Amino acid sequence: MGFIRRQLLKVIKWDDPTKDTIVYRYPMEDRDEIMNGCQLIVQESQVALLVSTGQIADVYGPGDHKLTTNNMPILTKLASWKYGFDSPFKADVYFVNTKQFINMKWGTSSKIPMRDDYFGLVRIGARGTYSFQVSDAALFMREVFGTIKRYSTADLVEYFKSIIVSNFTNVIGEAKISALDIPAKYIEIGDLVKDEIQDDFDKIGLTACAFYVESVVLPEVVEEAIDKRASTGAMQGAIDDYTRLQTADAIRDAAQNEGGGLAAAGVGIAAGAAIGQSMVNNLNNNQILQTAAPTGKVCPSCNTQLPDNAKFCPGCGKPVAQKNFCINCGHQVPDNAKFCPECGKQI
């Protein structure tokens, strides 16, 4: 009786302890047979295939299935069971994982050529990740794994690599993206490659769920050009503030220094045409303000500027006291003073 029970399979199920197994054939000895009414348990994210005499018979999705002539229509027809059966039968059971296999790595083993309008022909390398799942278990069995007892993601890596690199090269060439713009187009490139590889995946019963470009290795000359472009872009946003600051500093230095002050300020500002023009405009405004401001002696009654040694005001005719004022800050200074006691500037 123990020998008979060992031959008859009453329950068939597979609890996947791995993360990378795509296909698993249920272990059966030569003497093992499936008894009438056997319980076939298919887990979530699994599909079970019954194979008899080398042919795919019935396909079962997730759930608890009792194997009888009612739910084995193809196998019943192949075995010519017209009115049901009572005796055990032989068949192979394959479990196929339909879950999404994520974080699969891809990369170019050598750099691929691309034509750039600015740099000409350049060679780039790339790497990233992708994910896939089995969408048609029967087609996948016929086209890929056949009767292999166990099939994992490692068995597909090299095949996927050839598909991905080939389509990635085509996408880069047809998209006509400049090498300078590739780092900003990772998402768009990934979507295009995913659409392209789907045609090859469809032929073997798979679905490309996602495709990501993580990095593209560019020639050094292109990398340097990208860095320069980034620096220029960062400066452009602040160029107006920078110009105004430089102009203000030059005007301040010009006001504080005699003779060579304005010349030195002009040399510093002449580094750029925009800065130079802004300097001219600001100097003109400053000269207007200085011309309008009182300089030297002024009438205490009407504030009219007085000629040197004037005893009467030419504006109101009133006698004026001999008072001096600082041309820089307007503060009254003592007679015969050479420096302003308020700001320290030379009178």
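Predicted model: local features only at pLDDT ≥ 70, side-chain atom pairs only at ≥ 80, totals over all residues.
The secondary structure of this protein comes to 9 helices and 14 strands, where helices (H or I, at least four residues) and strands (E, at least two) are DSSP runs, numbered from the N terminus. Residues are numbered from 1 along each chain as its sequence is written, and side-chain values use heavy atoms, with hydrogens and water left out.

Of the 347 residues, 36% count as buried, meaning under 20% relative accessible area with a 1.4 Å probe and protein chains only. If we take contacts (heavy atoms within 4.5 Å) between residues at least 6 apart in sequence, 61% of them join residues at least 24 apart.

Now to the aromatic rings. Rings of Phe, Tyr and Trp (its six-membered ring) pair if their centres lie within 6.5 Å, and planes under 30 degrees apart count as stacked, over 60 as edge-to-face and the rest as tilted; by this rule there are 14 aromatic pairs. Trp14 and Tyr24 are stacked, because their ring centres are 4.8 Å apart and their planes at 10°. Since Trp14 lies in the loop between β1 (8-12) and β2 (21-25), and Tyr24 in strand β2, this pair ties together parts that are 10 residues apart in sequence. Both Trp14 and Tyr24 are buried. Phe140 and Phe145, by comparison, form a tilted pair, at 5.6 Å centre to centre and 50° between the planes, and both are buried. Finally, ring pairs link Phe101, Tyr130, Phe132, Tyr159, Phe160 and Phe201 into a cluster.

Definitions and conventions
Buried < 20%, exposed > 50% of the residue type's maximum accessible area, 1.4 Å probe, protein only.
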